[in-house]
Amino acid sequence: MKSTYLQTTINLVLGCAVVALGVQTQILQKDQISVRELNVERLNVMEPTGHPRLVLANTAHAPKAIKQGKVVFDPGQRPGMIFYNDEGTENGGLIFRGKKVGDKIEHGLHLSFDRYNQDQVVALQHIEQEGMLIAGLNIVDRPQLDFDVYMELALAAEKGDQAAIAKLEALDVNKDGSVHGARRAFYGTLNNKAMLQLNDPSGKKRIEMAVNAKGEPQLVFYDAKGKEMLRLPEQKELKP
């Protein structure tokens, strides 16, 4: 009799333990979990609203460009991290690639921040490939036109859609490239030449201050048509 009672008690305790374990692992939501190592091909950091805040992915699983949670277009392979704003729209990222094909290097890292519903306006980059070695900071003007509207028009224009071409031309009434965006400033090195370059709203170079690999300095001013106005000191153009 006592052994039966003891066995019943043991079974009851074990049953309660199993139920408690099931509740803990299957029903109750854990706030925290610790692992020593985690291997993934893509990691999505989500907001409670269901919108992404950050995506970390390899080449094969890189996310497409989205606006407010909807796919706009496919920018192609871009392994790294993509950032999203409060509305689930892409607003920057960190992309990194690098390899050697034969004896040619194809290497690049790019950290950028976008204008609201537009493309990058600040970009820190390093590119190393045949004939180019660049490291620096780019500042770019972007139009108020949403990037999905612009991409739709641009892709149609590339295919020869006359209505899209006319629309882009109408938007770019000053013919200054503003609808496409324009680089306004660059600070960094290009093929061993350190420089600060300032451009007008159309992206045309107006001032360049540079020092080449030999340590020779130069300051050059350009007019709106790209013609040299003043060079200090007065000597031939600096070579890297």
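Strands here are DSSP runs of at least two residues, numbered from the N terminus. I am working from a predicted model.

**Entry 1: surface patch**

I started with Leu-43 and found it in strand E1, residues 42-46. Is Leu-43 buried, partly exposed or exposed? Its relative accessibility is 38%, so I put it down as partly exposed, since that class runs between 20% and 50%. I then looked for nonpolar side chains grouped with it on the surface. Leu-43 belongs to a nonpolar patch together with Ile-33, Val-35, Leu-38, Val-40, Val-45 and Leu-56. I noted about 640 Å² of accessible area for these residues together.

**Entry 2: largest pocket**

I turned to the pockets next. For the largest pocket I have a volume of about 460 Å³. Its lining has 24 residues, and those nearest the centre are Phe-73, Arg-78, Glu-90, Asp-119 and Gln-120. Which element gives the largest share of this lining? I found that E6 does, with four residues. Strand E6 spans 90-101, and I also listed strand E7 (104-114) and helix H2 (147-158), because each of the three supplies at least two lining residues. Sorted by class, I have 10 nonpolar, nine polar and five charged residues in the lining of the largest pocket.

**Entry 3: second largest pocket**

The second largest pocket holds about 290 Å³ of space. I counted 14 lining residues here, with Phe-96, Arg-97, Gly-98, His-107 and Gly-108 closest to the centre. E6 and E7 come up again, and strand E8 (120-129) joins them; each supplies at least two residues of this lining. By class, I wrote down four nonpolar, six polar and four charged residues for the second largest pocket.

**Entry 4: cavity**

How many cavities of 30 Å³ or more does the whole structure have? My search of the whole structure gave one. E13 gives the most, with three residues. I sorted the cavity lining into four nonpolar, one polar and four charged residues.

**Entry 5: backbone**

Most residues other than glycine have a negative phi, and most peptide bonds are trans.

Where is the cis peptide bond? I found it between Leu-232 and Pro-233, with omega at about -10°. Pro-233 sits in the segment after strand E14 (228-232).

I also looked up two asparagines with positive phi. Asn-117 has phi near 55° and lies in the loop between E7 and E8. Its relative accessibility is 4%, so I class Asn-117 as buried; the cut-off for that is under 20%. Asn-191 has phi near 50°, and I placed it in the loop between strand E10 (182-190) and strand E11 (193-199). With a relative accessible area of 28%, Asn-191 goes down as partly exposed.

Definitions and conventions:
Residues numbered from 1 in each chain as written. Predicted model: local features only at pLDDT ≥ 70, side-chain atom pairs only at ≥ 80, totals over all residues. Heavy atoms only, no water. Patch = residues over 30% accessible without salt bridge, like charges linked within 9 Å, V, L, I, M, F, W, Y side chains within 5 Å. Areas by Shrake-Rupley, 256 points an atom, 1.4 Å probe, with all protein chains shown as cover. Salt bridge = Lys/Arg side-chain N within 4 Å of Asp/Glu carboxyl O. Buried < 20%, exposed > 50% of the residue type's maximum accessible area, 1.4 Å probe, protein only. 1 Å grid on protein atoms, 1.4 Å probe; cavity = no way out; pocket = protein on both sides within 12 Å on 5 of 7 lines; lining within 4 Å. Points joined across faces, edges and corners; volume = space filled by probe spheres on them. Nonpolar A, V, L, I, M, F, W, Y, C, P; charged D, E, K, R; others polar.
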